[in-house]
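Here are a few notes to read alongside the structure.

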Amino acid sequence: MSRTQIPGADVLGPRALEAARRCGADVPAGDGPHRSPVNGASLGGVRWHDASAIDEVVARSRQAFLAWRTVPAPSRGAVVKRFGELLSEHKADLGLLVSLEVGKITSEALGEIQEMIDICDFAVGLSRQLYGRTSVSERPGHRLMETWHPLGVVGVISAFNFPAAVWAWNTAIALVCGDTVVWKPSEQAPLTAWAGAALLDQALVESGAPREVSQIVVGDPAVGEALVDHPDVALVSATGSTRMGRAVGPRVANRFGRSLLELGGNNAAIVAPSADLDLALRGIVFSAAGTAGQRCTTMRRVIAHSSVAEELTARLVEAYARLPIGNPMAEGTLVGPLIHGKAQSAMAAAIAQAQSEGGKLVTGGARVLAEEAPDAYYVEPAIVTMPGQTEIVRAETFAPLLYVLTYDDLADAIALNNDVPQGLSSSLFTRDQAEAEIFVSAEGSDCGIVNVNIGTSGAEIGGAFGGEKETGGGRESGSDAWRAYMRRATNTINYSGRLPLAQGVDFTV
């Protein structure tokens, strides 16, 4: 695996601040810890909010909602349209910030900003399509219909691996639905957050909308907890680990709020005997090694038919050997750093446990570039062949660690795919139409995302994104995910001049 040079400690901080300021962000200085995973050096301290600030922020958001909900949805869409235009103008700066703060390679960082632009386009169209429905009434002279109305304040808690796109998924949709948004971004990416928020603030000001329609609170987990517990936050959309979701879901439910959870994934690809191995190889390598294995949709398991497993594994090892690792902003780099040392330690521990459970490490796993950047954590993407789906295989390790298992019967492969606590993304590589149809049917994958002949990563914004089981059950982005941000009312309008009761009830006084 080739290496690309890591930039010095004194280079990245000024670049990050300049990029944020070009987006209009007035970054508040402070002593909040802030380092780049690219070289481990400080990007400069930023001011963090205290949890006590949440009451005031939510109060402002609630007050803004009372006005924002009355603005016609197409006019709300015009604000989001302008936001999308500003994102396009500042795409390079935002992409640079994503690379600096979370270590994504340039093309993936720019791809994340493009996701933001795309969801704005989707939301603008949606602003004229918030459809209800009309139904027939059993009573003459009555009309039965459903209408959808703004929900209220939406709290968004996002994770480091998509420091901007997930906020945009939620915010663009919530705004056209008539909600207001309070965003608690990842502590690892405050500059990306300030820059994105500044661009939306500009769109709001230019449109004459209240600036409090969208607010940001940067701080430690206590800030997020205060947002989760606040009684005036109608919906909490939280992205993170399953452990985080176990805490958030019950706390929101306890106060009868709504939650939209996007949690862990343990995503698999089944590779059938008829699969195009060239296609499968490309899909697997991107899904398993892209973003240094730090996507919720990262491929963590390959379930290969016994007739192709040996050849596929050999080809994967060969492809991994060609992956350039290092500076994510350098041309040609495909694998950037892990977010911190804990991630590297977790990967090493998982490999050791896999070996203790009968696995064989066939490539990767070593830390690299440690002498050049001792406070950054670069690792070789690893492949471990396993005798079966052991305890460690069923757990999510947030790193570029891929397990290879084998199968002989498709039903067994689907059972392996489903026999994990998580249920986010899955794929099948096959040229057999019947296998493809079975995989996407009710007897197939139990995941929220079920693909054929593509990998597990790289979802388009037009589809609803989310998963089942310990992934949380939430849906964001496209399709009808907008309904999570609105409340439904069933309306019966009586224009008959009489008062017949439903079900033929007679209550004549």
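How do the residues of the lining of the second largest pocket divide into nonpolar, polar and charged? Let me start there, with the reminder that this is a predicted model.

1. The answer to that opening question is nine nonpolar, four polar and six charged residues. The second largest pocket itself holds about 490 Å³ of space. Its lining is made up of 19 residues, and those closest to the centre of the pocket are Trp194, Asp201, Arg211, Ser214 and Ile216.

2. H7 provides the largest share, with six residues.

3. Next, please have a look at how two of the helices pack. Helix H3 (residues 73-89) and helix H6 (residues 165-177) meet at an angle of about 150 degrees, and their axes are 7 Å apart. Angles over 145 degrees count as roughly antiparallel, and H3 and H6 are therefore roughly antiparallel to each other. On the H3 side, the contact is made by Ala73, Arg76, Gly77, Val80 and Phe83, while H6 contributes Trp167, Ala172, Leu175, Val176 and Cys177. By class, the residues of this contact of H3 with H6 are eight nonpolar, one polar and one charged.

4. How many cavities of 30 Å³ or more does the structure hold? There are two. The largest cavity contains about 40 Å³ of space, and its lining consists of Val102, Gly103, Lys104, Phe160, Asn161, Thr291, Ala292, Gln294 and Pro337. Four of these lining residues are nonpolar, four are polar and one is charged.

5. The second largest cavity has a volume of about 30 Å³. Around this cavity you will find Gly103, Lys104, Ile105, Glu108, Ala289, Gly290, Thr291, Ala292, Leu334, Val335 and Gly336. The lining here has five nonpolar, four polar and two charged residues.

6. Finally, the aromatic rings. Across the whole structure, a search finds five aromatic pairs. One of them joins Phe160 and Phe398 in an edge-to-face arrangement, with 6.1 Å centre to centre and 85 degrees between the planes. Phe160 sits in the loop between strand S5 (153-157) and H6, and Phe398 in the loop between strand S16 (382-385) and strand S17 (401-407), so the pair ties together parts that are 238 residues apart in sequence.

Key
Residues numbered from 1 in each chain as written. Predicted model: local features only at pLDDT ≥ 70, side-chain atom pairs only at ≥ 80, totals over all residues. Heavy atoms only, no water. Axes fitted to C-alpha atoms, helices over the stretch in contact; angles between N-to-C directions. Helix = DSSP H or I, 4+ residues; strand = E, 2+ residues; numbered from the N terminus. Parallel < 35°, antiparallel > 145°, perpendicular 65-115°, else oblique. Contact = heavy atoms within 4.5 Å. Nonpolar A, V, L, I, M, F, W, Y, C, P; charged D, E, K, R; others polar. 1 Å grid on protein atoms, 1.4 Å probe; cavity = no way out; pocket = protein on both sides within 12 Å on 5 of 7 lines; lining within 4 Å. Points joined across faces, edges and corners; volume = space filled by probe spheres on them. Phe/Tyr/Trp six-rings, centres within 6.5 Å; stacked < 30°, edge-to-face > 60°.
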